[in-house]
Amino acid sequence: SEELRRDQKVVLTAFAQNSTSLQFAEREAVLSLVRQRGWALRYASEELRRDCEVVRAATSQDIWSLQYADEELRGDAPFVLELVRQQGQALRYATEELRSDREVALTAITCDLSARQFVAPELWYDREFVLQSIRRHGTSLNLVSDTLRRDCEVVLAAVWRDVWELEYAAEELWYSRDFVESVISRHEHALKFAPEGVRHHREFVIAAVAKHGSAMSYMTDELWKDREVVLFVVQRDGRLLQHAAAMLQRDREVVLTAVMQNGWALRHAAPELRGDSEVVLAAASQDGWALQFAPPALWRNRSFVRSAVQQHGWALQFAPEEVRQDREIAFLTVARHGLALAYVVDELRRDREIVLVAVRQDGRALRAAAPELQADREVVTAAIMQDGAALQHAAEELRADKEIVLAAVSQDGWALRHASDELRRDRDVMMAAVKQQQLAAERADREATLEALGSEHEDAGSELRLADREASLEVVRCYGRALRFASEELRQDREVVLTAIRQDRTALRYAS
């Protein structure tokens, strides 16, 4: 009966037994069913497959069910536009006429870029449609007609969005000067897609490199033999000398230009130019590490050695042994770069005069001195007067010498951590270290200085710092925030805390 054909439970039971039974069901029952199973539209009556509401309900549940809608409805522009705005893939089942419609196709692509595959082939010959599709959605040129791949405006529109679209551009476009100049000025990888004739063109290549240095990676082998082009290229990146033809790696002007831009370019110069002192020193002035590429023969040139080590004392490490054992060269080097003491031969690191010159220039050079000189009172004193932290390289007996340690902590309070255990408990030494840090704190962040001082004393234990009451009073009288490093007992001592607060009221935060 009509009533049973409207009964949803009956319709569902019948549909489960035989799908074709749906064609006899009433509208409301079918509407209810397709909302749950869109594909059931396939078995609805012809009349219901023309019903906008029924088809809309089915496609909302399953867009692919549109294929079962009546052709008349699939050719209805307003209805299909409504669907493709929601799901671009609906274009697949629109009629051929609507898949050829610019508005419908663009709307579908706007919703879902993958809907491009369902656009009618003739639209890819339509210049206006293609331009709009590219500008809005970046449509690839591999979809458009050969005619439009020869269209400068169409290709440039695609390339502005993605330079890799040049892969699909017609070769004949590359013979248009305006086209070439446009793409190479805009994209660093444009030359990658250019025909060999364009990549051979000196003017185009220079213009591309001037705009985008990385474009030089697409130069042809022939252009790496072109002196003018190579000169231009190495002015931008000297390391690219490695790609130049061998004859240009022997060209003094080309090599000088390259090493002045990047000293490491010396590595790629011809052997005879790596032995040219002017070229090597030019490279070293840009990057001292370039001296490692100087041949041993050049290091035997005393004039070159003097110039090299005066610029970069550590460059002595690249010199042959006969240079590193030359006493005059060693003197000259450590006088300007004390740490270069590490690169002279062992015999000269035992030379008291040379070591004294080195540590007076940089106290840290004491580290490279021979053990007997690390135990030499005069040498160690010279080192710590230049840098108190050099105390760490002094012999153990001198790190237990109160006079030496006082001198070190007076220069750098943090040197206290390198003193012997006994002297780190010494009241005079502690006071000298804290006073030095107080002066340093006036020039920097006082809190950071205290934290650093405290952290460096952690290994000594709290009793090594402010455990002695009298010493604590003297210290906090000079520097109130030193209360932070007092023992728990002293941070509860009223007199100690008051003394600290009088010097710096913020010391109250450290009271126990």
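Why does Thr 107 count as buried? Its relative accessibility is 16%, and buried means under 20% relative accessible area, with exposed over 50% and partly exposed in between (1.4 Å probe, protein chains only). Thr 107 lies in helix H8. Beyond its neighbours within four places in sequence, Thr 107 is in contact (heavy atoms within 4.5 Å) with Leu 81, Val 84 and Arg 85.

This is a predicted model, where local features need pLDDT of at least 70 and side-chain atom pairs count only at pLDDT 80 or more, while totals for chains, interfaces and linings use all residues. Residues are numbered from 1 along each chain as its sequence is written, and side-chain values use heavy atoms, without hydrogens and water.

Now the whole chain. It has 33 helices and zero strands. These are DSSP runs numbered from the N terminus: helices are H or I with at least four residues, strands E with at least two. Of the 512 residues, 51% are buried. The accessible surface comes to about 25000 Å², and carbon and sulfur atoms hold 44% of that. Such areas come from the Shrake-Rupley method with a 1.4 Å probe; for residues, only the protein chains shown count as cover. Take the contacts between residues at least 6 apart in sequence: 42% of them join residues at least 24 apart.

Two of its partners, Leu 81 and Val 84, are buried in helix H6 (residues 77–86). Phe 79, Val 80 and Leu 83 are buried there too. The buried residues of H6 pack against helices H4 (52–61), H5 (71–74), H7 (96–99) and H8 (102–111). At the start of H6, a side-chain oxygen of Asp 76 comes within 3.0 Å of the backbone nitrogen of Phe 79.

H4 buries Val 54, Val 55, Ala 57, Ala 58 and Thr 59. Its buried residues pack against helix H3 (27–36), H5 and H6. At the start of H4, a side-chain oxygen of Asp 51 lies within 2.9 Å of the backbone nitrogen of Glu 53.

In soluble globular proteins, nonpolar side chains tend to be buried together. A nonpolar core is a set of buried Ala, Val, Leu, Ile, Met, Phe, Trp, Tyr and Cys residues joined through side-chain atoms within 4.5 Å. The largest one here has 150 residues, and Leu 166, Trp 299, Phe 304 and Leu 341 touch the most other members. Leaving aside neighbours within four places in sequence, Leu 166 is in contact with Val 159, Trp 174, Phe 179, Val 183, Ala 190 and Phe 193. A second, separate core has 15 residues, among them Val 476, Ala 500, Ala 507 and Tyr 510.

Methods:
A polar contact is a pair of N or O atoms within 3.5 Å; within protein, one must be able to donate a hydrogen and the other to accept it, and residues adjacent in sequence count only if both atoms are side-chain atoms.
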